[in-house]
Amino acid sequence: MINKELTDYLLNNFKDLSYSRQVGKLFADKSYGFDTMFFCCRFITRFKENNIFDKNVNLERSNKYIIDIFNLEATNAGVPNYFSEALTLLCFIGALENQGDYKYAIVNQDLLDIYCSNMENAYIAQYMLAYCVFTNDNIWKHFVKFTLADSIDAKKAEYKKIISAISLKATNIGNWILFVAKFSTNILSYANRNNMVARTGNVKKDIVKITDVAINVTGKRNSYGIPKKNSYLDDMSDSYILQTLEPYLVRKPGYYDNITLSDGFAADLADTKMDILDKDSTSTEGKRHIKENKYTLAITKARTVQDEFKKSLLRATPHKCPVCGFDFEKMLTASHIMPYSKCEMTEDAMNPNNGLLMCPVCDRLFESENGLYMTIDSNDGHIRYVDEIQDVKWFKYIQGVRIDEEYLTKDRKMFLKWHNETFISKHNDEIIHDSVGTPHQPKTYDLSLNNHIGMVADGSADREHDNDE
């Protein structure tokens with residue numbers, strides 16, 4: 001067994017839970033997904049104040065967060081349900097206490113920390129929750145028989161007993177009995193390599209897959225090679241999950257020589273989006289707490305949003321600085337045109353058209369939050385720079401430069417337009433030089449920015465959208 005401390009803690013906290021509990025709700029339509037719980041718990045921990053999570057105060061940014069993470073249309077009426085149902089589950093397990101007026105007191109931060117530490121732990125918490133409730137309500141014996149049954153018909157007979165047993169305890173769910181039974185059973189069935197059950201109560205031949213106990217399944221992808229935001233499902237470590245849950249499984253796993261963990265990409269995506277939403281840096285304490293989460297385990301490899309951004313640039317652009325030609329790949333910097341902290345969508349933060357591979361010096365000249373000594377004309381690719389560096393011998397190399405036309409994709413022009421406007425705004429009362437050193441006053445210097453329209457996609461594939469289920 002790999003992480004006995006974790007399962008012992010969960011067992012101790014869930015040992016008295018039952019379907020009959022009238023506080024909160026167990027495994028509602030969104031909260032059965034371990035990824036829903038991972039992302040929501042991470043957000044709650046980040047944006048709590050004085051140990052209170054105020055749903056109303058955080059409503060706008062939590063909706064933006066869910067829309068981005070789960071690839072939903074902004075008009076999707078189900079967007080608020082992700083947090084609503086996650087909150088009801090957290091109240092059910094005693095991690096939160098509903099204080100009215102959409103305010104939730106954090107009663108057990110450790111449970112939140114387990115859910116938001118990594119995807120594997122989030123699934124393990126869901127499994128142990130279902131296991132404890134099934135055990136306490138005398139349903140586990142039916143699940144064991146369901147798992148070991150040697151035919152679909154036999155499994156169907158046992159599953160009917162599971163539904164019946166749940167209905168006797170969960171007296172407040174009414175017509176939702178088939179949903180509740182499905183969620184609990186499938187969560188347990190993934191680790192036990194069991195048959196999937198449908199909302200209709202039918203037992204299928206298909207074995208439960210990781211995508212059956214997660215919400216964010218299809219995600220979206222476009223022609224720039226941006227990773228799907230649900231790629232964490234491909235990285236889930238069965239070895240860690242099964243070895244940790246081994247004492248609580250009906251079907252015991254084989255022995256694993258090596259135990260690996262997912263690479264933390266989902267956490268990087270969540271944190272990047274929360275950084276975008278927290279432009280005023282008001283959640284410093286929550287961010288620190290997440291970083292120091294004691295349940296976060298060492299990972300075997302590191303993949304961050306910045307790593308993926310650079311990889312996408314290496315796939316999409318020449319391996320050299322477009323300004324000076326520096327081509328020592330290991331020292332090239334993946335420079336954002338619009339910083340990810342200014343992006344509304346994580347997708348924009350990772351879009352290779354929102355970046356250029358630059359040498360360290362050009363990156364500092366171009367970087368739009370601290371430096372911003374030069375910009376690249378979004379119309380023709382000419383370098384524009386401030387008077388302050390006009391006579392500095394080390395920067396003579398940028399004079400007379402125009403980047404190659406291949407960099408000026410329609411999408412990249414849109415991001416460069418934003419960079420041009422930011423550059424002009426910062427240096428409003430200064431002299432700006434064009435690529436041959438000719439000075440211009442900003443008020444008369446025209447980058448023809450108005451010829452461009454706001455951010456639009458260029459040749460991107462049709463986007464897929466997740467089903468609510």
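Strands E2 and E3 run antiparallel and are joined by three bridges, with E3 spanning residues 103-106. One of the pairs that can be named in this predicted model involves Glu97, whose bridge partner in E3 is Ala105. In general terms, the strands of a sheet pair through backbone hydrogen bonds, in either a parallel or an antiparallel manner.

The pairing of E2 with E3 belongs to an open sheet of three strands, which has the order E1-E3-E2 and antiparallel pairing. Strand E1 (52-54) and strand E2 (96-98) stand at the edges; each has a single partner strand, so one side of each is left without a neighbour in the sheet. On average, and with direction ignored, neighbouring strands of this sheet are turned by 30° against each other.

Beyond strand E3, the chain continues through a loop to helix H5 (109-117), and Asn108 is found in that loop. Asn108 counts as buried because its relative accessible area is 13%, and the limit for this class is under 20%. A polar atom of the Asn108 side chain lies 3.0 Å from the backbone nitrogen of Asp110. When residues up to four places away in sequence are not counted, Asn108 touches Tyr9, Asn13, Gly94 and Ala95.

Phe38 and Cys116 are 78 residues apart in sequence, yet their C-alpha atoms are 4.7 Å apart in space. Cys116 is also among the contacts of Phe38 once neighbours within four places in sequence are left aside; the others are Tyr115, Ser117, Asn118, Met119, Ala122, Ala266 and Ala267.

The following table sets out the two residues.

| Residue | Location | Relative accessible area |
|---|---|---|
| Asn108 | loop between E3 and helix H5 (109-117) | 13% |

Of its 469 residues, 54% are buried.

Notes. Residues are numbered from 1 along each chain as its sequence is written. This is a predicted model: local features need pLDDT of at least 70, side-chain atom pairs count only at pLDDT 80 or more; totals for chains, interfaces and linings use all residues. Side-chain values use heavy atoms; hydrogens and water are left out. Two strands pair if DSSP finds at least two bridges between them. Helices (H or I, at least four residues) and strands (E, at least two) are DSSP runs, numbered from the N terminus. Axes are lines fitted to C-alpha atoms, for helices over the stretch in contact, and angles run from 0 to 180 degrees between N-to-C directions. Contact means heavy atoms within 4.5 Å. Buried means under 20% relative accessible area, exposed over 50%, partly exposed in between (1.4 Å probe, protein chains only). A polar contact is a pair of N or O atoms within 3.5 Å; within protein, one must be able to donate a hydrogen and the other to accept it, and residues adjacent in sequence count only if both atoms are side-chain atoms.
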